[in-house]
Amino acid sequence: MNFYHQIALTKIKGVGPKTARALLTHCGSVQEILETNASTLAKIPGVNSRTANEIAAKNYQEATEKEMAFVEKHQIKVLWIDNSDYPQKLRNCEDAPLVLYYKGNADLNKERMVSIVGTRNATSYGRKICDTLIEQMQSLDTTIVSGLAYGIDIMAHKNALLHRIPTVGVLGHGLDRIYPATHRETASAMLQQGGLLTEFPSDSNLDRQNFPMRNRIIAGMSDVTIVIEAATKGGALITAEIANSYNRDVCAFPGAIDQLYSAGCNYLIKTNRAHLIRDAKDLCYLMNWETSEKQTGIQLPLLPPELNKDQLHLYLFLQGKQQVGIDDITRYCNWPQSKLAMILLEMEMNGHITSLPGKMYKI
């Protein structure tokens, strides 16, 4: 498939994921966007005249051709948001990138995706937790996602490689480099047992704002984000907050009250932003991974008469199923996350549905 038009859209100044989605909604295709005149584009809600003029000027052509040559030369997969290989869990997030660049052999749509993040200044306590947790995860058939940064991130990747667990590194830059350079050997090994993923094209600057953007991909493509060690400020807590905003599970390992790099984890637990876990067994309990295959029998309750139209739509989807995950519900309903969260809460409070560990729901 020729991804020229999709890449071109990402090369236009002022066109981010939300603006691009607005353009696609009104124009129908990327090619149509690029062929529409500025005055028409400027009438689209969320598109200002400056952005419309940037699109019409077609200044993206040289940069797009250069990027196309780069991905073809290095055999990089270009994942458009509607592509079947694009991480479907991430696709459900409102600010998901339209284009991802990927190199590797891991399945980005594995049933169980686990993000592991933490401080760059890991202590012996954090290292021990990371080593033990990933060793215990060997039998869970998971893929481990992290950011290839110093500290907990690189430990998670190395331990995953050691225990033959697929691991994906999400980068805050293009695939033309590895940062930090000292992790190049590990990154190379991950191409054979996992992969490297980024929304940034080649020659992207290592800007500070790239890394929070990277963190939303780490959170969005995973079922659960685990924070092993973190101070009260930093990328790990940003990733946890983003995961919560996506209605994903967050777990944290507690630590001593006087330890700097346990303070962030303890804060997440104290404020109910994360579930306390101690090992992989706790993770399985939280995510309902232990019992999902053991549950038998299906109940078909009578239809509650007081459901409104939206609630009935969701209820009929859940009816007859043992349990349904939040990602499947999101795809089926196709509602804004804020609306879905409110309807789920109302139905749970009224006793129509039950919330289970692992962001699972049943009647």
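**Reading burial, helices and a cavity**

Guide: We begin with Thr51, which lies in helix H5 (residues 49–57). Please bear in mind that this model is predicted.

Visitor: Does Thr51 count as buried or exposed, and why?

Guide: A residue counts as buried when its relative accessible area is under 20%. Thr51 has 7% relative accessibility and therefore counts as buried. Leaving aside residues up to four places away in sequence, Thr51 touches Lys13, Gly14 and Val15.

Visitor: Where is Gln193 placed?

Guide: Gln193 is in the loop between helix H10 (184–190) and strand S6 (194–198). Because its relative accessibility is 18%, Gln193 counts as buried. With residues up to four places away in sequence again not counted, Gln193 touches Asn105, Ala160, Leu161, Arg164, Ile165, Pro166 and Thr167.

Visitor: How does one check the span of helix H8 (residues 124–136)?

Guide: One compares an expected span with the distance between the end C-alpha atoms. At 1.5 Å a residue, the 13 residues of H8 should span 18 Å, and the end C-alpha atoms are 18 Å apart, so the two agree.

Visitor: Which residues of H8 are buried?

Guide: They are Gly126, Ile129, Cys130, Leu133 and Ile134. These residues cover an arc of only 115° around the axis, which means that they are on the same side of H8. Ser124 and Lys128, on the other side of H8, are exposed.

Visitor: What do the buried residues of H8 pack against?

Guide: Their partners are strand S3 (113–117), strand S4 (143–146), helix H9 (152–162), strand S7 (224–227) and helix H14 (280–287).

Visitor: How many residues of helix H11 (residues 210–220) are buried?

Guide: Nine of the eleven are buried, so H11 is largely enclosed by the rest of the structure. The buried residues are Asn210, Phe211, Arg214, Asn215, Arg216, Ile217, Ile218, Ala219 and Gly220.

Visitor: How many cavities of 30 Å³ or more does a search of the whole structure find?

Guide: The general idea is that rolling a probe the size of a water molecule over the atoms shows where empty space is left. Here the search finds one cavity of 30 Å³ or more. The largest cavity holds about 50 Å³ of space.

Visitor: Which residues line the largest cavity?

Guide: The lining consists of Arg120, Gly147, Leu148, Ala149, Tyr150, Leu171, Gly172, His173, Tyr179, Pro180, Phe211 and Arg214. By class, seven are nonpolar, three polar and two charged. Phe211 and Arg214 in this lining are also among the buried residues of H11.

Notes: Residues numbered from 1 in each chain as written. Predicted model: local features only at pLDDT ≥ 70, side-chain atom pairs only at ≥ 80, totals over all residues. Heavy atoms only, no water. 1 Å grid on protein atoms, 1.4 Å probe; cavity = no way out; pocket = protein on both sides within 12 Å on 5 of 7 lines; lining within 4 Å. Points joined across faces, edges and corners; volume = space filled by probe spheres on them. Nonpolar A, V, L, I, M, F, W, Y, C, P; charged D, E, K, R; others polar. Helix = DSSP H or I, 4+ residues; strand = E, 2+ residues; numbered from the N terminus. Expected span 1.5 Å × (residues − 1). Buried < 20%, exposed > 50% of the residue type's maximum accessible area, 1.4 Å probe, protein only. Arc of directions from axis to C-beta. Contact = heavy atoms within 4.5 Å.
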